[in-house]
Amino acid sequence: MHQFDEIQSRLAPELSRMNDIIRECLATPNDLMDQVVTGYLRTKGKQIRPLLVMLAAKFFGGVTTDTLYAAAALEMLHNASLIHDDVVDETSVRRGLPTVNTVWGNHLAVLVGDFFVSNALAAGIKTGHISVISALSDLGKELSLGEVDQICNVREHHLDEQHYLDMISKKTASLFLNCVRMGAETAGATEKEYAPLVEFAHLLGLAFQIRDDIFDYYDDESIGKPTGNDLREGKVTLPLLYALTDAPADESEPLKALLRRGDLSTAEIESLVKFAVANGGVEYAYSYMRDLQSRGAALLEAYPDSEWRQAFLDLFEFIITRNK
C-alpha cells in the first residue's frame with residue numbers, strides 16, 4: 001500500500017480541506033440528522049474518488065476551491081449511494097462498523113442518503129461550473145441504472161461477460177471517469193486535453209470493480225466480506241463467468257442451472273466458488289485487469305512525464321494489488 005499512502009500524503013492538505021467542506025455542507029440544526037451524519041463521517045474509507053478529482057486538477061495545473069467543492073460533491077454522492085445500497089442489500093456492516101440502516105432503520109437511512117444527495121448538488125452549484133452540475137446529474141442516473149442492470153442480470157440470469165462489463169461500467173467506472181472530468185475542468189483544462197485521462201479513469205474504474213469482485217472468492221475477514229457473499233445475492237461476477245464459459249459443458253451446465261434456480265445453499269455457493277478458482281476464473285480476472293492497466297498506460301503516453309502522471313500509474317497498480 002506504499003504507493004497509495006504516498007499519494008494520500010501528497011494530497012493530505014487538500015483532503016483535509018475537502019473533509020471540512022463536507023462537514024460544513026452536512027451540518028444541520030436537526031439533532032437526530034446531525035447525530036447520524038456525524039457518526040457516519042467518523043469513518044472515511046480510502047476516499048479514492050475525491051483523490052482522483054484532485055489528482056486530475058494537479059495534472060492540469062492545480063487544485064482550486066472549485067476543485068475541492070467538486071470533490072466534496074462527488075464524495076457525498078458516492079456515500080449516498082452506499083447508504084442506499086446498504087438498505088437494498090440489507091448490509092449490516094461497512095468499514096468495520098454497523099451501517100446506518102442497522103443502527104437507525106431503513107426509513108431513516110433512506111432519508112439520510114437523500115440528504116447526502118441534496119447536499120452533493122448544493123456543493124456542485126458552489127463551483128459555478130455547469131459542467132460539474134451536469135456531471136453530478138448524469139452520474140446519479142448512471143449509478144441508478146447500474147444498480148438496476150445488476151438486478152436485471154440477477155433476475156434474467158445473464159451469464160455473459162458483456163452484460164457484466166456494461167453493468168460495472170455504469171455502477172463503478174462512471175464515477176471514476178466523472179471524478180477526473182470534474183478535476184480537469186475545475187483546473188481549466190479543455191475536453192480535448194482531458195479526454196485521454198478520462199478514458200484512463202474509465203479503465204481504472206473497471207479494474208477497481210473487478211478487483212473488488214475477486215475478494216468474494218477468498219475467505220478474509222479483514223475486508224468485511226465473506227466468501228460467496230455476491231453469490232448469496234445472486235450476483236455472478238467475472239471469475240465465475242469466465243469459468244462457466246471456459247469449462248466443458250458437462251461441468252458448467254449443471255452449475256448454470258443452479259444459478260438460474262437461485263436460493264443457493266452454503267454448500268452450493270462453496271462449490272461455485274471452488275469451480276471458479278479451479279477453472280482459472282481468478283487468474284483470468286487478474287489478467288483482464290492487467291490488460292486494462294496496459295491500455296491505460298498507453299493512454300497516458302499522450303501526456304508529458306510528471307509526478308502526477310506517475311501518480312495515476314501508481315494508483316492503477318495499487319487498485320490491482322490491494323488486499324482490501
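What mean pLDDT does the protein reach, and what share of the residues score at least 70?

**View 1. Confidence across the predicted model.** This structure is a predicted model. The protein averages a pLDDT of 89, and 97% of the residues score at least 70. Among the elements of the protein, the lowest mean pLDDT, 80, belongs to helix α8 (residues 130-156), whereas helix α15 (residues 281-300) has the highest, 97.

**View 2. The packing of helix α15 against helix α16 (residues 307-321).** The axes of α15 and α16 lie 10 Å apart and form an angle of about 175°. Because angles over 145 degrees count as roughly antiparallel, α15 and α16 are assigned to that class. On the α15 side, the contact comprises Tyr 286, Met 289, Arg 290, Leu 292, Gln 293, Ala 297 and Leu 300. These meet Arg 309, Phe 312, Leu 313, Phe 316, Glu 317, Ile 320 and Thr 321 of α16. By class, nine residues of this contact are nonpolar, two are polar and three are charged.

View 3. Gln 8, Ser 9 and Arg 10 of α1 make the contact with Ala 12, Pro 13, Glu 14 and Leu 15 of α2. The residues of this contact divide into three nonpolar, two polar and two charged.

**View 4. Helix α10 (residues 191-214), a mostly covered element.** Of the 24 residues in α10, 17 are buried. At 1.5 Å a residue, α10 should span 34 Å, which agrees with the 34 Å between its end C-alpha atoms.

Technical notes: Residues numbered from 1 in each chain as written. Predicted model: local features only at pLDDT ≥ 70, side-chain atom pairs only at ≥ 80, totals over all residues. Heavy atoms only, no water. pLDDT = per-residue confidence, 0-100. Helix = DSSP H or I, 4+ residues; strand = E, 2+ residues; numbered from the N terminus. Axes fitted to C-alpha atoms, helices over the stretch in contact; angles between N-to-C directions. Parallel < 35°, antiparallel > 145°, perpendicular 65-115°, else oblique. Contact = heavy atoms within 4.5 Å. Nonpolar A, V, L, I, M, F, W, Y, C, P; charged D, E, K, R; others polar. Expected span 1.5 Å × (residues − 1). Buried < 20%, exposed > 50% of the residue type's maximum accessible area, 1.4 Å probe, protein only.
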